Structures are given as C-alpha cells and as structure tokens.
Amino acid sequence: MNINIEVNNKLIQAKKGETILTALNREGIHVPTLCYMKDLMPTGACRMCVVEVEKKPNLITACSYPVEEGMKIKTNSPRVVHSRKTIIELLLSNHPDDCLYCERNGNCELQKLSEQYNIRERRISGKKNKYRVDQSSASIFRDPAKCILCGRCIRVCEEIEKVTAIDFVGRGSKTIINSAFNKGLNVSSCVNCGQCIMACPTGALHEISHIDRVEAALNNPEKMVVIQHAPSISVSIAEEFGLKPGADINGVMNAALRKIGFSKVFDTSFSADLTIMEESSELIHRITNNGVLPMFTSCCPGWIKYVEEFRPEFIKNLSTCKSPQQMLGAVIKSYYAEQEKINPENIFSVSIMPCTAKKFECSREEMTNNGIADIDAVLTTRELVKLIKAYGIDINNIEPELADNPLGTRSSAGKIFGNTGGVMEAALRTAYFKLTGEELINYKIDAVRGEESRKEAKIQIGKLEIGVAVVSGLAAADKLLTEIENGRKDIHFIEVMTCPGGCIAGGGQPITHDVKRIKSRIKSLYDIDKTDSIKASHQNPYIKEIYENYLGEPLSHKSHELLHTHYSKRDVLK
Ligand code: SF4
Ligand code: SF4
Ligand code: FES
C-alpha cells in the first residue's frame, strides 16, 4: 500500500512499512549512512542518517524509522547537517591523520563524508587511544586505530558467515573490536573470508599483502615467476581502470602480467576443469559405491576451515579434491616443471584470487608436495590492480594476448566457477557425460543459477536422479547442515561458497557496495559461457592431454598424490 510523504517540500509516494531511507533512496535522494547494511536489520548505532521530521522533537534515524502517512521530512536542514558534522568530527577526533598512507585512501567512507561536509580542520581534539595492530592472520590485517565502531564487520561475520570471530570488547571510549581473549585472529575461529573487509568503511581492515614477496621474486634472477588468474578476475577489474563494470579484459590482463615480468601466465579456469574431472568422478564413485553422501565441494578454503572448526563431523563429506588454485599450483611444479625441465624449487608460483582465504589456504601444510609449497604467494584482485598501476601499465593501450599453454586453455564451464552455482553446473555437465556417454543438449542449468543464498534441484542423469543444492554464505550452509543432521537424505551433492554470490563477490575483490557492479560481473561470466565453443571440462583438449600424458585417469594414484588432500578437526579460540 502506498502512502504520501513530503520530502524537502516535495510530495513523494512511499510504501507502508518501509524505512525512510528506502523511500528516499528510491527517489534518488542520498542520505549518508555508516552502520547501515542493506538486507540486515538496522541497528541505529551511528546516527549518521538522521533526518528532521516535522512535529518530532528529536532527529530520527532514516535507516531504522518507518515512513508514516503525511510525514514531512527535511534531509538537509541546518540542524541535520550540524548533527552529522558533529558525528564526523567526533569520529575524526580519535582517528589517525594518516590518510596518505592508508590502504583505503580515496575509497574511505569517513574521508568522503569529511569532504562532503567540508570538514577542513580538527575542531575536537580528543585523547587518542593507542592500539596494537593484529597482523597474526595469514589473510586479514586489523588496525583498531582506524576503526569507527560501526559494527558492520561484526554483523557480517555473525549474520552472514555465522563465525563470530570478532566482537565489541570494553566499554565507553575504551571500546574496540577484537577477537576472542584479545588473541590474534590466527588462533580465532576466523575463516579468512574477508567479508569484514568488504563491509568496513575505513582502512581498519584489509588483506595481508603479498605484493612485496611477489616483487622480490620478480627481481630474483634465479626464480622463474609464473602467475595464474582465477575465473572471476578478468570480469572484476575493468572498472578500476575506468572501463565498463563487468567487461571481460582477460586478454589485456594476460598482456599486462607479462609486461610486469611474469614468465608465464596460466588460467585457473584450466584447473577448474581439472577439479571437475576429479570431483565428478569422486561423486559418481561415492554414489555408485555407497560412499559418504552428500558430498560437499571443497574449492572454497573459508568453507573448509568452517567445517574443520565448527562441524568436524562433516569432514568425511568434503570432497578430497584440492581447490583449483592448489591443483594448478601442484601441476605447475610437477607436470609443467618436468615438461620444461625446470627444477620446481626455482619456480615461484603466484595466483591472483578474488579471495583473502586463499592466502591462508596456500600456507596450509597439506598444500605442499615433498616439502615444496604448491603456491608461493596469493594476490587479491585489489592487489593486482595496485601492481598494474605501480608498474605503469596502461591497460587501455595494450593488445590482448592469450594465456600460456598447456595450462592456459579452459572450457567455459571452468570460467563460470566464479558465480555461485558455477561449480555445480560445471560438475553436472561432466557427470552427465560420464554417466550417459552423451553430451547435454542444453548446457545451461537454470535451477542452479541465481543469487539466492540457497538453490535446490533434482537432476535426472540417465536412470539416476541426483539431488543437488547450492549455498553461499556460511550461515546458509550451516542451516543446510542442520537439516542433513536431522535426517535429510534427498541431496547428494552440495556446492558451498563462503562469500554471498560466490567468488565474484569475494573478500579480495575491489570494494564496492554497488550491486549493479556485482550483477554485471555475474552476467559477464554467463555471457562468456553462452558464446564459447568448449562448454564442458571434459572437452578441454589440454585436460585430455594432461590425463593422457601424465595423470592417467581421474582418481588415479598420480591424481591422488597431486590433486587430492585431507582435512582434520581444528581447535581454535571461539
Ligand atoms: S575474515 Fe570472515 S570470518 Fe574472519 S573476521 Fe572477517 S568476516 Fe569473520
Ligand atoms: S573494523 Fe571497520 S567495519 Fe568493523 S567496526 Fe571498525 S570501522 Fe566498522
Ligand atoms: S546508518 Fe542509520 S544509524 Fe547508522
């Protein structure tokens, strides 16, 4: 039902029950927010979104207050502006003055608000608290001095990821965000997803950078430095270089990486295909041999750590396949090194990932072969952008190039791994072929596409009906685990991604709250799938070659040695 409200002397229509903020945003009127997060219950904590409503004695928070018939709202009255300015000045009074050196310089909500409200001097000089930074984690760097206590990180960690690794600690002016018992994030239940970074308005949270170690390797004449890029990267960086959001700049990115000095550029979508070959065989083996079901995908290191910490009883349900990053890392230092007659110890293997948890994953002991790490450094998409800019590569003026074979050719099934549901769709395409000996007539499996946090479907493959589910966000995954625990038996295969929407919105991606950008990345991956000629992992000629020449067949002894791993219960501070 529509109701009438007046905003800045203009009559507009609002929907009964919605908040003032929602009604204003629909009309194209922006009200600043700090603690508000779309799709989560408002807390009304920061009061940045206050507006003046006629006949109400106090300013009210637009993010949490519902519209009322006949309301007369002023979004920018002198009283409102004064209140917002005071909040910003109070936040700045305890904030370091180091914007020039800050990770989020130019992309900080506090900095933007200060500019917008024309704050040009420190009028309130509060006592600055001294804080220790936490750089104990393999993935996440925390600097409490830059924290403005908006609570967005806590809410994401608790409500979306069900991890609750961080919380408010202390009282009054001594309040900070901290992990359990004031110990580092490394010993906490943090799964390294980086969703808190994506939520943070300031530079209080960012990834542990691997740029220095990559540059050191590039400058070491004894190292051959190779790089792989994950399926979602080529459609996630265009906007950082002034191009259309979601544009696929795969070829140009390959060229840029060579100009930076990487000897070889490989495509993680190739090893996504390899993952599908192994994972679909594992699924068929489990189904036909009364193995443990449902089987869960294991591509996402945040999800793996969650199971190890919170749900170890489900470890046996995890696929034993390494993630595509680790599979390609293992293959580079074995198959490729042997082919090229290079000592694997002289290879420095870098990956570009949309994910902060991949930094943790590459440091795991299980991800080594004869004491040699599969992967030596992981750059997030954000770090890649920095690297390209630091080397002065003009993305808009270079010619596209192909990735290097034999590890640079992919199917489009490998490419759609970047979207939630992509792994499932790719696996079903190959499982169908393996079980029926025929190719799917229509490769597009609509039932597993879409942005919902859970999708379920029954898929008929020959005589077999397979129950599948796709979940993103660990809270959604945990809910499904509880249903399984309570007796659900109709699902055989489950894809889980920690980040809502999948890797395309991973914790290492360029920071944006613009859903249109994320949607354009999703569309771009599916558009690639529409037009590519190799649509299934088993059709990739270089995948056929690696099995013929090296691995033998999926689940072979060699495959197990290089491409599979194991997980175990993990004790952490909760
Ligand atoms: S990285 Fe993920 S799990 Fe860790 S604190 Fe941030 S949101 Fe929580
Ligand atoms: S760390 Fe960032 S997201 Fe978390 S409370 Fe502080 S400012 Fe907000
Ligand atoms: S954004 Fe409304 S109170 Fe913080």
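Visitor: What makes Ala138, Lys359, Ala377, Val378, Leu379 and Glu383 count as contacts of histidine 210?

Guide: In this predicted model, histidine 210 touches each of these residues, and contact means heavy atoms within 4.5 Å. Residues up to four places away in sequence are not counted. Histidine 210 itself lies in the loop between β9 (205-207) and α6 (211-218).

Visitor: Why is histidine 210 called buried?

Guide: Its relative accessibility is 3%. Buried means under 20%, so histidine 210 counts as buried.

Visitor: How do you know that histidine 210 and valine 378 are in polar contact?

Guide: The backbone nitrogen of valine 378 lies 2.9 Å from a polar atom of the histidine 210 side chain. The cut-off for a pair of N or O atoms is 3.5 Å, and 2.9 Å is within it.

Visitor: Why is lysine 162 called partly exposed?

Guide: Lysine 162 has a relative accessible area of 41%. Buried is under 20% and exposed is over 50%, so lysine 162 falls in between. Lysine 162 is in the loop between α4 (152-160) and β7 (166-169). Its phi is positive, about 55°, although it is not a glycine.

Visitor: And what is asparagine 182 called, buried, partly exposed or exposed?

Guide: Partly exposed, because its relative accessibility is 48% and exposed requires over 50%. Asparagine 182 is placed in the loop between β8 (176-179) and α5 (195-199). Asparagine 182 also has a positive phi of about 55° without being a glycine.

Visitor: Which residues does the cis peptide bond with an omega of about -5° join?

Guide: Leucine 293 and proline 294. Proline 294 is in the loop between α8 (268-288) and β12 (295-296). A cis peptide bond also joins asparagine 405 and proline 406, with omega about 15°. Proline 406 sits in the loop between α12 (381-390) and α13 (412-415).

Visitor: What does tryptophan 303 touch?

Guide: Leaving out residues up to four places away in sequence, tryptophan 303 touches Phe296, Thr297, Leu318, Leu474, Ala477, Leu481, Val496 and Thr498.

Visitor: What makes domain 1 and domain 2 an interface, and how is its size given?

Guide: In the contact count, 11 residues of domain 1 meet 13 residues of domain 2. The size of an interface is often given as the accessible area lost when the parts come together. Here the two domains bury about 1,000 Å² between them, 66% of it on carbon and sulfur atoms. On the domain 1 side, Leu34, Met37 and Leu40 lose the most area to domain 2, together 55% of what that side buries. The centres of domain 1 and domain 2, taken over C-alpha atoms, are 27 Å apart.

Visitor: How many salt bridges and polar contacts are found between domain 1 and domain 2?

Guide: Zero salt bridges are counted between domain 1 and domain 2. For polar contact, the rule finds two residue pairs across the interface, both at pLDDT 80 or more.

How values were computed
Residues are numbered from 1 along each chain as its sequence is written. Chains are lettered from A and ligands numbered from 1 in the order in which they are written. This is a predicted model: local features need pLDDT of at least 70, side-chain atom pairs count only at pLDDT 80 or more; totals for chains, interfaces and linings use all residues. Side-chain values use heavy atoms; hydrogens and water are left out. Domain bounds come from an automatic or database domain assignment. Buried area is the accessible area (1.4 Å probe) that two parts lose on being put together, summed over both. A salt bridge is a side-chain nitrogen of Lys or Arg within 4 Å of a carboxyl oxygen of Asp or Glu. A polar contact is a pair of N or O atoms within 3.5 Å; within protein, one must be able to donate a hydrogen and the other to accept it, and residues adjacent in sequence count only if both atoms are side-chain atoms. Helices (H or I, at least four residues) and strands (E, at least two) are DSSP runs, numbered from the N terminus. Buried means under 20% relative accessible area, exposed over 50%, partly exposed in between (1.4 Å probe, protein chains only).
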